Amino acid sequence: MSYEIRRTELPGGVLHYHVAGQGKPVLYLHAAGGVSITRPLEALAENHTVYAPVTPGFDGTAPSDDLKTVADYAALVADFAAVALEEPFDVIGSSFGSWVAMWLAVLRPAMVDHLILQVPAGFRFEGKGGLPDDPAGRKAALYTHPERITAPAKPDAVMAANRRTYDALATLPGGATVDEALSARLNEIEAVTLILLGADDPVVPAEAGAHLKQRIPVSQRVFVFDAAHSIEVDQPERVTRLWFEFLMRGQGFVLNRGAA
Amino acid sequence: MRAPTHFRRSEGHRVKFNFFHLMPYPEFDRVPHEWPVSTKGIDSRRITGLYRTYVDQLADAENSGFDWIGCNEHHYSPYGLNPNPNLIASALAMRTDKAKIAVMGNLLPLLNPVRVAEEYAMIDVMSGGRLIAGFLRGIPHEYIGYNIPPDHSRSRLREATELILKCWTEDEPFGWEGEHYQFPAVSIWPKPIQKPHPRILMSASNAESAEFVAKSRAIMGITLIQNIEAAKEAITHFKTVSKSYGWEPTPDDILVGQQFCLCDTDEEAQAQMEGAQTYFHQTLMRPQRAAQQLVLQQSRYYAGADIGASFQKRLATLRARTVPEQIDAGSIICGGPETVVKQIKRLRDELGCGIINLTMKVGNMPDAVVRRGMELFRDRVVPQVAGM
């Protein structure tokens with residue numbers, strides 16, 4: 001299933017997005033590396049319509065001066081979804097995208113049906129976690145299985161722009177490493193939520209997932225074994241299975257129904 | 001005795017002793033020819049008495065100079081009447097006050113890791129935080145018994161280890177999506193008392209296993225020592241690998257296991273050991289040899305074929321040696337009190353091990369001999385080795 005890129009004009013600015021598939025709509029919010037069409041995303045598009053907006057300033061798109069915070073971008077995503085998707089829809093966020101997804105679920109709770117928060121950013125308690133600066137350390141933090149990367153590498157200039165845009169949106173006042181404003185509102189999330197963590201992820205420590213689990217009223221969290229931060233790359237089959245089971249069965253995904 | 005070479009004593013690392021019990025069935029009157037072994041003619045009421053005898057020995061050991069008391073898991077034969085050592089450990093937890101309860105261990109690849117985490121946590125809580133948690137892979141033939149592919153033994157051990165640590169350390173409920181295990185919702189009650197978690201003990205008898213033990217920062221255990229040099233090599237390798245994972249093992253991270261017989265005289269101890277080992281090798285060990293061979297030949301239980309061959313060769317070598325030859329090689333501890341003190345010092349000095357695991361009842365060794373050994377250990381050995 002191949003994704004195509006489209007462009008739409010919203011009151012808040014221009015937004016590019018990838019789209020593929022047919023079926024119940026799913027909004028996919030990308031990580032700080034921009035959109036990468038991973039194997040789970042390809043599988044998802046086989047029976048869902050997947051919309052993956054590109055944060056302005058990422059992947060070669062023009063940045064927006066109006067976007068100052070993650071919550072600002074979540075509001076733009078909400079505007080996009082109101083036009084493009086039938087409500088309620090399912091949302092999958094990855095890392096930075098999970099941070100955006102949480103704000104979306106707080107700002108527009110009625111929009112979100114099932115919510116999957118993969119390796120969620122925004123909650124680096126005591127500054128723990130985060131990506132190392134050196135390339136080797138960064139790669140080791142992202143992947144336990146770099147040989148499973150299928151998406152083509154992006155040009156250095158694009159990755160640098162992605163980084164700048166991410167830093168601009170994700171830098172919290174006073175150098176804070178926890179989005180306290182979001183933390184205080186996590187209990188407003190109405191969506192049934194699945195928190196996915198890499199068992200070997202040094203970027204998002206397990207505490208972040210525990211914090212969200214404590215505060216999001218209806219939530220589960222699952223560790224994906226033998227996966228670092230990029231769990232879709234490291235363990236595509238496991239992530240795909242979890243996505244499908246959770247999106248289809250919600251809270252019931254915990255029940256083993258035996259072989260079909 | 002040669003002067004110590006590689007290892008120095010560290011302050012604060014007094015040698016600790018584990019009273020280890022295989023809990024054998026000592027009266028099997030046939031020569032078993034196959035594994036699993038038939039129970040025809042075995043009176044389970046007799047085994048009630050054995051459990052009482054063995055648990056009493058273990059419980060009394062904490063007042064006989066032993067720092068740890070322990071047992072392990074084996075299946076389907078008179079080799080050990082202990083398919084679930086956690087049951088024995090729970091009895092010991094309630095009957096003792098100070099000794100560490102060493103379960104050496106649960107065979108993780110054969111079991112439900114969440115259940116292991118729960119049972120170990122219970123033992124730690126019941127004992128007031130005294131559990132030493134053995135995470136072992138087991139002996140090859142056990143995989144036939146529980147119908148687990150031996151090829152998966154290492155990957156199951158690795159995944160089960162990570163999952164158990166999560167069970168112990170995560171307060172919020174979680175799920176696990178792994179290669180061998182999937183659990184959508186876990187939150188064990190109670191959590192262990194020891195934080196962040198009880199000490200883990202693993203086998204590091206070969207280079208393959210040493211890597212994972214070092215990575216896990218666990219206590220490394222080696223048994224079935226062919227000779228001191230081979231053991232020293234294994235320990236040195238473990239230390240080297242541990243350094244590559246950013247830590248330096250102390251004596252408290254190294255356990256060496258030995259069969260043990262302590263009597264009033266050297267002659268008596270050697271005679272008792274010889275009789276007990278005859279039963280051990282000819283009755284208790286015999287049935288699993290063919291099953292082990294089958295697993296080693298038809299699976300990748302050991303990634304390197306040479307390691308599998310080495311394992312079997314080691315067993316054959318130990319079996320063929322006389323008791324005095326085993327003593328000379330450093331494979332067993334056996335003798336009167338003065339001799340045993342020398343042998344313990346030799347192990348400590350040559351290997352730098354801080355924990356010595358003593359199999360107190362070898363084969364069908366009479367329980368009166370075990371008990372006398374405990375008395376001599378308390379009165380004549382412990383005072384001599386207390387400063388080590």
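Student: What should I keep in mind about the model and its numbering?

Tutor: It's a predicted model, where local features need pLDDT of at least 70, side-chain atom pairs count only at pLDDT 80 or more, and totals for chains, interfaces and linings use all residues. Residues are numbered from 1 along each chain as its sequence is written, with chains lettered from A and ligands numbered from 1 in the order in which they are written.

Student: Why does A:Asp59 count as buried?

Tutor: The cut-offs go by C-beta atoms placed from the backbone: 20 or more others within 10 Å of a residue's own is buried, 12 or fewer is exposed, and in between is partly exposed. A:Asp59 has 21 such neighbours inside 10 Å, so it counts as buried. It sits in the loop between strand S4 (48-54) and helix H2 (70-84) of chain A, and its phi is near 55 degrees, positive in a residue other than glycine.

Student: And what makes B:Leu224 partly exposed?

Tutor: B:Leu224 has 16 C-beta neighbours inside 10 Å, so it counts as partly exposed. B:Leu224 also has a positive phi, about 50 degrees, although it is not a glycine. Look for it in the loop between S8 and helix H7 (228-244) of chain B.

Student: How do you know that S7(B) and S8(B) pair?

Tutor: Helices (H or I, at least four residues) and strands (E, at least two) are DSSP runs, numbered from the N terminus. Two strands pair if DSSP finds at least two bridges between them. S7 (residues 199-203) and S8 of chain B have 3 bridges, in the parallel sense, so by that definition they pair. B:Leu201 stands opposite B:Ile219 in S8(B). S8(B) is also joined by 3 bridges to strand S9 (residues 254-262) of chain B, again in parallel, with B:Ile222 partnered by B:Val256.

Student: Which faces of S8(B) are covered?

Tutor: Both: B:Ile219 and B:Gly221 are buried on one side, B:Met220 and B:Ile222 on the other.

Student: What makes the unit of S7(B), helix H6 and S8(B) right-handed?

Tutor: A crossover is right-handed if, with the strands pointing away from the viewer, the path from the first strand over the helix to the second runs clockwise. S7(B), H6 (residues 207-216) of chain B and S8(B) make a β-α-β unit of that right-handed kind.

Student: Why do you say the buried residues of H9(B) line one face?

Tutor: In helix H9 (residues 286-298) of chain B, the buried residues are B:Pro287, B:Gln288, B:Ala291, B:Gln292, B:Val295 and B:Leu296. Seen down the axis, they fall within an arc of 140 degrees, so they line one face of the helix; the arc is that of the directions from the helix axis to the C-beta atoms. On the other side, B:Ala290, B:Gln297 and B:Gln298 are exposed.

Student: What makes chain A as compact as a globular protein of its length?

Tutor: Chain A has 9 helices and 8 strands. Its radius of gyration is 17 Å, close to the 18 Å that the globule rule gives for 260 residues, so it is as compact as a globular protein of that length. The radius is taken over C-alpha atoms, and the rule is 2.2 Å times the number of residues to the power 0.38. Of its 260 residues, 48% count as buried.
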